[in-house]
Amino acid sequence: DIPQASRFLFMKNKVRMICDCLAPPVTVIQDKSLAQPLSLCGSMLRSPHGCHAQYMANMGSIASLVMSVTINEDGDEMDDDQQKGRKLWGLVVCHHTSSRFVSFPLRYACEFLIQVFGVQINKEVDLAAQMREKHVLQTQTVLCDMLLRDAPAAIITQSPNVMDLVKCDGAALYYRKKFWLLGVTPTEAQIRDIAEWLLDYHSEST
């Protein structure tokens, strides 16, 4: 439920501290000779947005420390400073009911712990992806064996079936003018029309 703009900021700043959400913001005076507006998105001293400050006040939280947990997008090993191919996995949020300043050494230590935690999460995500891939390959092997040993209907009527191979709500087999339906599928007439359309327009590629 994190807005896209906030995700960008959390990716840019791994640690975000708000000492006092009720403190009045200080106006930043910009030199008129600057071509672009001054951006404070990378500054630790940046004042929180008004709606976020109100959100914190409604929770009874005056100060907060937010740390970003990022992981690799595709599971590849990357340098710590490289942002491409990384995504925001989650946030560690600390709240305080009164104004609170967290010193730089403590923030730096927290950031290091979050980086270590992110590495561990990345390994867990990679392991889960490998297990899913292994399961798909095993299921694919079983289904291929079914096709070699039995009629094509086996991939629908037996277990595991084709729905264990791909994520879907239903599957249908139309073979020798017979229908085998599994889960949520079109009607038999609709399936027949789809098969005829595929034969007419995509017989060489499907």
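This is a predicted model: local features need pLDDT of at least 70, side-chain atom pairs count only at pLDDT 80 or more; totals for chains, interfaces and linings use all residues.

Reader: Let's start with Asn-161. Why is Asn-161 called buried?

Author: Its relative accessible area is 14%, and buried means under 20%, so Asn-161 counts as buried. Asn-161 sits in the loop between helix H4 (154-157) and strand E4 (170-175). Among the residues that Asn-161 touches are Thr-139, Leu-143 and Leu-182.

Reader: What makes Asn-161 and Met-163 a polar contact?

Author: The backbone nitrogen of Met-163 lies 2.8 Å from a polar atom of the Asn-161 side chain. The cut-off for a polar contact is 3.5 Å, so the pair falls within it.

Reader: How do you know that E4 and strand E5 pair?

Author: Pairing needs at least two bridges, and E4 and E5 (residues 178-183) have six, in the antiparallel sense. Tyr-175 stands opposite Lys-178 in E5. The hairpin of E4 and E5 has two residues between the strands, and Arg-176 takes a positive phi near 55 degrees there.

Reader: On to the rings. How many aromatic pairs does a search of the whole structure find?

Author: The search finds four. One of them is Trp-89 with Phe-117, an edge-to-face pair.

Reader: Why is the pair of Trp-89 and Phe-117 called edge-to-face?

Author: The centres are 6.1 Å apart, within the 6.5 Å limit for a pair. Trp-89 lies in strand E3 (residues 86-96) and Phe-117 in helix H3 (residues 104-149), so the pair ties together parts 28 residues apart in sequence.

Reader: Are Trp-89 and Phe-117 buried or partly exposed?

Author: Trp-89 has a relative accessible area of 44% and Phe-117 has 37%.

Reader: What makes the pair of Tyr-174 and Phe-179 stacked?

Author: Their ring centres are 4.5 Å apart and their planes are at 15 degrees; under 30 degrees counts as stacked, so this pair is stacked. Tyr-174 is partly exposed at 28%, whereas Phe-179 is buried at 17%.

Reader: Last one: which element gives the most to the lining of the largest pocket?

Author: The largest pocket has a volume of about 680 Å³. Of its 22 lining residues, those closest to the centre include Ile-2, Phe-10 and His-52. Helix H2 (50-59) is one of the elements that give two or more residues to the lining, and H2 gives the most, with five.

Terms used:
Residues are numbered from 1 along each chain as its sequence is written. Side-chain values use heavy atoms; hydrogens and water are left out. Helices (H or I, at least four residues) and strands (E, at least two) are DSSP runs, numbered from the N terminus. Buried means under 20% relative accessible area, exposed over 50%, partly exposed in between (1.4 Å probe, protein chains only). A polar contact is a pair of N or O atoms within 3.5 Å; within protein, one must be able to donate a hydrogen and the other to accept it, and residues adjacent in sequence count only if both atoms are side-chain atoms. Contact means heavy atoms within 4.5 Å. Rings of Phe, Tyr and Trp (its six-membered ring) pair if their centres lie within 6.5 Å; planes under 30 degrees apart count as stacked, over 60 as edge-to-face and the rest as tilted. On a 1 Å grid over the protein atoms alone, a cavity is a set of points where a 1.4 Å probe fits but cannot get out, and a pocket is an open set with protein on both sides within 12 Å along at least five of seven lines; lining residues have an atom within 4 Å of a point. Grid points are joined across faces, edges and corners, and a volume is the space filled by probe spheres set on the points. Lists of a residue's contacts leave out its neighbours within four places in sequence.
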